[in-house]
Amino acid sequence: MRERRLAVALACAGLLAAMPAWAGAEAAAADAGNASGSPAGEKPMSRVTGIGGVFLKAKDPATLRAWYKTHLGIDVQVWGGAKFRWVDSAGKSTPGSTAWFIGDGKSFAPSTSSFMVNYRVADLPGLLAALRAEGCEVLEKTEESEYGKFGWVMDPEGNKVELWQPPEGK
């Protein structure tokens, strides 16, 4: 858990060297197609605004990290992951980044999946309340630290989904 928080924090703080961005990482269109069920005339609540990180579970994290570094050119750092900076459609840098991390997957529980996606959100408490009202399986535990606010929901196939509200201004 601490390693994953560090991965997100390092990516957000901009402490790592720049990495090639994932194409299409623009998150501004996230509200399009929002099925929030807001009454007519009300602006729908913002839900996911981007991907904060992708976390992979590995039997041997060090070996898998080395494979990604050697074969795919991902600049895996000593903390076990990398940071992908965001760019706009013209390739110009835009605020934000996505963390990528390989670890033991213990923080994925109760999911048995080999991955977990961390989604950036604008209003974690509001989104968690909306998801509960919609009948989703929202985990009771939440966390708040200098890295932001974290909450979790299980998708219909049993994958744990992490929701992350970055600190103000990040």
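Lys57 stands opposite Gly103 in strand β3, and β1 (residues 48-57) pairs with β3 (residues 93-103) in the parallel sense over five bridges. The model is predicted, so that local features need pLDDT of at least 70 and side-chain atom pairs count only at pLDDT 80 or more, while totals for chains, interfaces and linings use all residues. Residues are numbered from 1 along each chain as its sequence is written, and side-chain values use heavy atoms, with hydrogens and water left out.

**Strand pairing**

- Strands here are DSSP runs of E with at least two residues, and helices are runs of H or I with at least four, both numbered from the N terminus; two strands pair if DSSP finds at least two bridges between them.
- Strand β1 also pairs with strand β4 (residues 115-121), in the antiparallel sense and over seven bridges, and within this pairing Phe55 stands opposite Met116 in β4.

**Aromatic rings**

- Five aromatic pairs are found in a search of the whole structure, where rings of Phe, Tyr and Trp (its six-membered ring) pair if their centres lie within 6.5 Å, with planes under 30 degrees apart counted as stacked, over 60 as edge-to-face and the rest as tilted.
- One of these pairs is edge-to-face, because the rings of Trp67 and Tyr68 have their centres 5.1 Å apart and their planes at 85 degrees.
- The rings of Trp79 and Phe101, by contrast, have their centres 6.2 Å apart and their planes at 5 degrees, and therefore the pair is stacked.
- Because Trp79 lies in the loop between α2 (61-72) and β2 (81-87) and Phe101 in strand β3, this pair ties together parts that are 22 residues apart in sequence.
- Trp79 is buried at 11% relative accessibility and Phe101 is buried at 5%, whereas Trp67 counts as partly exposed at 41% (buried means under 20% relative accessible area, exposed over 50%, partly exposed in between, with a 1.4 Å probe and protein chains only).

**Ile102 in strand β3**

- Ile102 is found in strand β3 and counts as buried, with a relative accessibility of 0%.
- Leaving aside residues up to four places away in sequence, Ile102 touches Leu56, Ala58, Pro61, Leu64, Arg65, Tyr68 and Gly80, where contact means heavy atoms within 4.5 Å.
- Between Ile102 and Val54 the C-alpha to C-alpha distance is 8.7 Å, although the two are 48 residues apart in sequence.
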